[in-house]
Amino acid sequence: MDDRFRDVHIFNFRTREKSTFQAHSTPILSLAFSPDGAMLAAGAPGPQPIRIWDMNLPKPITDLRFTGQVGDVWALNFSSDGKQLTSG
């Protein structure tokens, strides 16, 4: 698979600006924004971690590994208050 499957393309409707950045070292299978838009979670094929991005920078702030999750991360969802992240 080529590099474009690792990239995230963002379009800001307010400013009309476009940006692209490589969100993961492997193809991205799932994405989720936190409710306030400050963070982006990117899921990839197992055993890769879930990468969390600070969208104000944009730069990765942490990689998460959940105990027992060995397969691909096909789904991500932040809770409505942005304090929890679920994966599957």
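These legends describe close-up views of a predicted model. Local features need pLDDT of at least 70, side-chain atom pairs count only at pLDDT 80 or more, and totals for chains, interfaces and linings use all residues. Residues are numbered from 1 along each chain as its sequence is written, and side-chain values use heavy atoms, with hydrogens and water left out.

**View 1. The protein chain has 8 strands and 0 helices.** Helices (H or I, at least four residues) and strands (E, at least two) are DSSP runs, numbered from the N terminus. Of the 88 residues, 32% count as buried (under 20% relative accessible area, 1.4 Å probe, protein chains only).

**View 2. Four strands form an open sheet in the order β3-β4-β5-β6.** The pairing is antiparallel. β3 (30-33) and β6 (59-64) stand at the edges, each with a single partner strand, so one side of each lacks a neighbour in the sheet. Two strands pair if DSSP finds at least two bridges between them. β4 (residues 39-43) and β5 share 4 bridges.

**View 3. R51 sits in strand β5 (residues 50-54).** R51 is buried, at 17% relative accessible area. The bridge partner of A42 is R51.

**View 4. The side chains of R51 and D63 make a polar contact of 2.8 Å.** A polar contact is a pair of N or O atoms within 3.5 Å; within protein, one must be able to donate a hydrogen and the other to accept it, and residues adjacent in sequence count only if both atoms are side-chain atoms. Leaving aside neighbours within four places in sequence, R51 is in contact (heavy atoms within 4.5 Å) with residues including H24, L40, P60 and D63.

Note on methods:
Buried < 20%, exposed > 50% of the residue type's maximum accessible area, 1.4 Å probe, protein only.
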